[in-house]
Amino acid sequence: MSDIDGRVVAITGATSGIGAATARAVVAEGGSVIVSGRRRERLEELVAEIGGVAVELDVRDAAGSHRLVEAALSEFGRLDALVACAGIGAYGGIMDLSDQQLQDMMDINVAGTVWPIRAVVPQFLEQGGGDIVIVASVAGLRGAGDEAVYAATKFAQVGLAGGLDRELRSRGIRVSTICPGGVATEFAMGAGRTADMPGLDEMLRAEDVAQAVLTVLKQPPAMRSLIWSMRSIHEQD
Ligand SMILES: NC(=O)c1ccc[n+]([C@@H]2O[C@H](COP(=O)([O-])OP(=O)(O)OC[C@H]3O[C@@H](n4cnc5c(N)ncnc54)[C@H](OP(=O)(O)O)[C@@H]3O)[C@@H](O)[C@H]2O)c1
């Protein structure tokens with residue numbers, strides 16, 4: 001196994017949930033992080049807790065995504081991995097959600113995965129390698145009645161990863177996709193989930209999924225895992 005010690009990992013969606021847990025896990029194993037998201041206060045709190053560099057970024061901003069790389073190079077002189085974790089969800093039928101909710105999901109989950117990847121690939125090619133981990137969803141492997149457009153965005157991430165694996169692995173870039181079932185985070189709060197909803201405490205924890213992200217980052221250099229889907233032991237269906 002390769003270890004995390006000394007590696008520099010940029011994480012989108014690091015202001016809460018799986019991304020924040022991944023940042024803490026990377027630092028706990030001796031790595032360094034570039035943490036990003038839109039909420040400046042959350043970023044400042046996280047960096048005060050674990051160190052690293054904060055990049056306030058909306059992942060819909062293609063040009064702004066280059067700041068992930070610039071921050072890594074200026075602070076650490078290298079960038080070894082990108083964890084593309086930023087994403088949103090909203091539950092409801094195709095006619096129940098607003099135009100804006102659907103547009104935001106498509107823009108943030110799809111374009112917001114593409115732009116950070118396009119920002120890091122030239123750096124990885126110049127360095128001779130790097131890891132890209134996309135946090136998609138079990139919804140990206142099969143549809144679900146009350147989250148069709150969300151599932152479409154997650155299928156898009158899985159397709160993107162499959163294509164990038166074929167395009168980039170011969171040049172040293174390893175692309176992995178993590179597809180969790182339900183995870184108890186701020187995800188979809190107020191958009192189909194509530195803090196007191198039944199079953200929330202039986203979902204996966206953000207820390208569990210973060211360990212899966214670390215596991216793919218720590219694979220032996222010549223091994224790749226294309227899709228890893230994990231679910232809570234309690235999750236039905
Ligand atoms: N929770 C689940 O049940 C579950 C299951 C499977 C997959 N996932 C996926 O896991 C990923 C992380 O979700 P989570 O569960 O950790 O939820 P979360 O706690 O709500 O975290 C979502 C993260 O995405 C960031 N984000 C949202 N819109 C953004 C934007 N426009 N620009 C930059 N960052 C943005 C948020 O930061 P800011 O608001 O600060 O920008 C936040 O850090 C998502 O891609 C989600 O689809 C979640």
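Residues are numbered from 1 along each chain, in the order in which its sequence is written. Because the model is predicted, local features need pLDDT of at least 70 and side-chain atom pairs count only at pLDDT 80 or more, whereas totals for chains, interfaces and linings use all residues.

Helices (H or I, at least four residues) and strands (E, at least two) are DSSP runs, numbered from the N terminus. Seven strands form an open sheet in the order β3-β2-β1-β4-β5-β6-β9, with parallel pairing, where two strands pair if DSSP finds at least two bridges between them. The edge strands, each pairing on one side only, are β3 (53-56) and β9 (227-230), and the twist from one strand to the next averages 15 degrees. Within this sheet, β4 (residues 81-84) and β5 (residues 130-135) run parallel and are joined by four bridges; leucine 82 has isoleucine 132 of β5 as its bridge partner.

Helix α1 packs on the sheet, where it touches β1 (8-12), β2 (32-37), β4 and β5, and its direction makes about 170 degrees with that of β1. Here, residues are in contact if their C-beta atoms, placed from the backbone, lie within 7 Å, while axes are lines fitted to C-alpha atoms, for helices over the stretch in contact, and angles run from 0 to 180 degrees between N-to-C directions.

The axes of α1 and helix α6 (residues 206-217) come within 8 Å and cross at roughly 55 degrees, which makes α1 oblique to α6. In this scheme, angles under 35 degrees count as roughly parallel, over 145 as roughly antiparallel, 65 to 115 as roughly perpendicular and the rest as oblique. Residues of α1 in this contact include Gly17, Ile18 and Ala21, and those of α6 include Ala206, Glu207 and Val209. By class, the contact of α1 with α6 has nine nonpolar, three polar and one charged residues; Ala, Val, Leu, Ile, Met, Phe, Trp, Tyr, Cys and Pro count as nonpolar, Asp, Glu, Lys and Arg as charged, and the others, Gly among them, as polar.

Helices α4 and α5 (residues 148-168) pack with their axes 9 Å apart, at an angle of about 10 degrees, and are therefore roughly parallel to each other. Among the residues that meet are Leu102, Met105 and Met106 in α4 and Val149, Tyr150 and Thr153 in α5.

The ligand is surrounded by 32 residues, of which the closest are Gly13, Gly17, Gly37, Arg38 and Gly87; a residue is near a molecule if its C-beta atom, placed from the backbone, lies within 6 Å of it. Two or more residues of this shell come from each of α1 (17-28) and α4 (99-127), and α1 gives the most, with three residues.

Conventions: Contact = placed C-beta atoms within 7 Å.
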